[in-house]
Amino acid sequence: MIPTVLRGLAAAVLAVLPLAAFPAAAHAAEVLPLSEAVTRLPAGTESREGYSRDSFRHWNTGLDPADGCTTRAEVLLDEAIEPPVVGAGCRLTGGRWFSYYDAVWVTSASGLDIDHMVPLAEAWDSGASAWSAQRREAYANDQGVPQSLVAVTARSNRSKADQDPAQWLPPAADAHCRYAAEWTGTKLRWALTADTAELTTLTELAAACPDQAVSYEPAP
């Protein structure tokens with residue numbers, strides 16, 4: 001499992017470092033300005049026909065089936081700024097997390113949701129409806145990059161629901177650039193399309209975030 005603090009800080013570092021801080025040759029992931037990344041999103045018309053949350057199996061046994069923790073618990077452990085105590089059945093006690101959507105510190109795992117950066121319903125609308133059940137499960141439990149699954153307050157996650165950036169942005173205004181980058185990177189990683197309103201909003205956000213970088217690599 002990724003060391004406790006590293007995963008929680010990795011996305012934050014990406015959000016604040018300027019593009020020049022990423023030497024392209026040193027990273028397997030491609031790094032490019034948000035404005036360019038948005039132009040690489042394939043345009044598409046969304047359809048929710050046939051969608052069921054049950055089409056995306058989660059949470060599964062995570063990266064380490066032997067640890068007794070689900071993907072949800074593994075993400076909580078990896079994103080904890082102060083690690084919780086892991087008890088029987090992977091019960092988490094104590095710990096401290098930072099929910100970047102609303103700039104709130106959380107001291108109980110029960111107060112957190114694990115948000116799919118691009119919600120399952122939005123993924124279905126944008127291309128996942130054509131995937132196999134195995135690929136949808138991989139998407140729903142993706143720990144390959146830190147931005148795919150994010151520990152945030154239950155309130156902010158449920159406010160977001162299945163909305164895209166044209167409909168919802170984090171309540172913390174300082175999080176908008178990072179959020180736009182992580183949304184765009186997730187869609188590029190999984191080759192998901194974006195509709196017209198979504199592309200317009202992301203383009204506007206990119207213009208307001210000229211130094212924001214996007215890092216992504218295609219999902220296996």
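A polar contact is a pair of N or O atoms within 3.5 Å; within protein, one of the two must be able to donate a hydrogen and the other to accept it, and residues adjacent in sequence count only if both atoms are side-chain atoms. One such case is His 116, whose side chain reaches the backbone oxygen of Ala 140 at 2.8 Å. The structure is a predicted model, in which local features need pLDDT of at least 70 and side-chain atom pairs count only at pLDDT 80 or more, while totals for chains, interfaces and linings use all residues. Residues are numbered from 1 along each chain as its sequence is written, and side-chain values use heavy atoms, with hydrogens and water left out.

His 116 is found in strand S6; helices (H or I, at least four residues) and strands (E, at least two) are DSSP runs, numbered from the N terminus. The residue is buried, with a relative accessible area of 5%, where buried means under 20%, exposed over 50% and partly exposed in between (1.4 Å probe, protein chains only). Leaving aside residues up to four places away in sequence, His 116 touches His 58, Trp 59, Tyr 139, Ala 140, Ser 148, Leu 149 and Lys 160, contact being heavy atoms within 4.5 Å. Two of these neighbours, His 58 and Trp 59, are joined by a cis peptide bond with omega near -10°. Trp 59 is placed in the loop between H2 and H3.

On a 1 Å grid over the protein atoms alone, a pocket is an open set of points with protein on both sides within 12 Å along at least five of seven lines, and lining residues have an atom within 4 Å of a point. The second largest pocket has a volume of about 290 Å³, a volume being the space filled by probe spheres set on the points, which are joined across faces, edges and corners. Its lining has 14 residues, of which Arg 53, Ile 114, Asp 115, His 116 and Asn 157 lie nearest the centre. Strand S6 (112-116) and helix H4 (120-125) are the elements that give two or more residues to this lining, and S6 gives the most, with 4 residues. By class, the lining of this pocket has 7 nonpolar, 2 polar and 5 charged residues.

The covalent links come next. A search of the whole structure finds 2 disulfides, each a pair of cysteine sulfur atoms within 2.5 Å. In one of them, the sulfur atoms of Cys 69 and Cys 90 are 1.9 Å apart. This pair links distant parts of the chain, 21 residues apart, with Cys 69 in the loop between helix H2 (34-39) and helix H3 (71-79) and Cys 90 in the loop between strand S2 (85-86) and strand S3 (92-93). The link is right-handed, with 90° about the S-S bond. Cys 69 is buried at 5% relative accessible area, and Cys 90 counts as buried at 12%. Cys 90 has a positive phi of about 60°, although it is not a glycine.

The sulfur atoms of Cys 177 and Cys 209 also lie 1.9 Å apart in a disulfide. Cys 177 lies in helix H7 (residues 176-189) and Cys 209 in the loop between helix H8 (196-208) and strand S8 (213-216), so the pair ties together parts that are 32 residues apart in sequence. With -80° about the S-S bond, this link is left-handed. Cys 177 is partly exposed at 23%, whereas Cys 209 is buried at 4%.

Notes: 1 Å grid on protein atoms, 1.4 Å probe; cavity = no way out; pocket = protein on both sides within 12 Å on 5 of 7 lines; lining within 4 Å. Nonpolar A, V, L, I, M, F, W, Y, C, P; charged D, E, K, R; others polar.
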